Amino acid sequence: MGRKRAADTSTVPLFDAKTRTAPCVPALRDKVSQWQNDGYPGATETTHRLLNFWFHTDHRLPNGRKFAYAYFQKDAVATLVYLYEVAKVRRQKDLIEGYAGRGDLKLLQYDDFARYCTKMATGSGKTKVMSLAIAWQYFNAVAEGRNDFAKTFLVIAPNVIVFGCELTLKAGAYFKPIR
């Protein structure tokens, strides 16, 4: 019987089972939380209006009950907005260098489009987050007249249940289901 080789531990893979959370998450949570507490500095006027309407305005359902977005929905939308609009992170390299605090992570070989992913539990409102992200992109493209925001979208959901979504933004955004 052959001897087992010792595992190469010089680099830690991004998806190593020993990793407690994605490497960028702790620093990114801190930045987004501070950005929200400070009143969304660096965001466009359109984004300010949308975020304040969605998350700081009382909403009522047709039956009169109060409606409020869940914490995780607010957090997911705020993170997408912060990364794209305020921090202007468009590449995985920028995300890793700015928020991971580690130099041992492997980067994507091809990194031509900004890609963002949110992790949310089943039933927590991923589809609502997708709709808010689309509205944010569209209204910024139209109201702000900026071509770095998308006016057209393609949403592909081949199953009855959308398991997760990767948001790719570039001059025409699309959502791609991931598992």
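**Note on the fold and the aromatic pairs**

1. Among contacts in the protein chain between residues at least 6 apart in sequence, 56% join residues at least 24 apart. The model under discussion is predicted, and every value in this note should be read with that in mind.

2. As to secondary structure, the protein chain holds five helices and six strands, and in sequence order these elements follow the pattern α-α-β-β-α-α-β-α-β-β-β. Of the 179 residues of the protein chain, 34% count as buried, while the chain exposes about 12000 Å², of which carbon and sulfur atoms supply 54%.

3. Helix α3, which spans residues 71–86, is mostly covered, with 12 of its 16 residues buried. Just after α3, Lys88 takes a positive phi of about 55°.

4. A pair of aromatic rings is described by the distance of the centres and the angle of the planes. With centres required to lie within 6.5 Å, the count comes to 10 aromatic pairs. In one of them, the rings of Phe67 and Tyr69 have their centres 4.9 Å apart and their planes at 75°, and because an angle over 60 degrees counts as edge-to-face, the pair is assigned to that class.

5. The two partners of this pair fall into separate accessibility classes: Phe67, at 27% relative accessibility, counts as partly exposed, whereas Tyr69, with a relative accessible area of 11%, is buried, the cut-off for buried being under 20%. Phe67 and Tyr69 also belong to a cluster, linked by ring pairs, that includes Trp54 and Phe55.

6. A further pair is formed by Tyr84 and Trp136, whose ring centres are 5.8 Å apart and whose planes stand at 90°, so this pair is edge-to-face as well. Tyr84 lies in helix α3 and Trp136 in helix α5 (residues 126–143), so the pair ties together parts that are 52 residues apart in sequence.

7. Which residue lies over the face of Tyr84? Arg90 takes that position, at 3.6 Å from the ring centre.

Note on methods. Residues numbered from 1 in each chain as written. Predicted model: local features only at pLDDT ≥ 70, side-chain atom pairs only at ≥ 80, totals over all residues. Heavy atoms only, no water. Phe/Tyr/Trp six-rings, centres within 6.5 Å; stacked < 30°, edge-to-face > 60°. Buried < 20%, exposed > 50% of the residue type's maximum accessible area, 1.4 Å probe, protein only. Helix = DSSP H or I, 4+ residues; strand = E, 2+ residues; numbered from the N terminus. Lys NZ or Arg CZ within 6 Å of the ring centre and 35° of its normal. Contact = heavy atoms within 4.5 Å. Areas by Shrake-Rupley, 256 points an atom, 1.4 Å probe, with all protein chains shown as cover.
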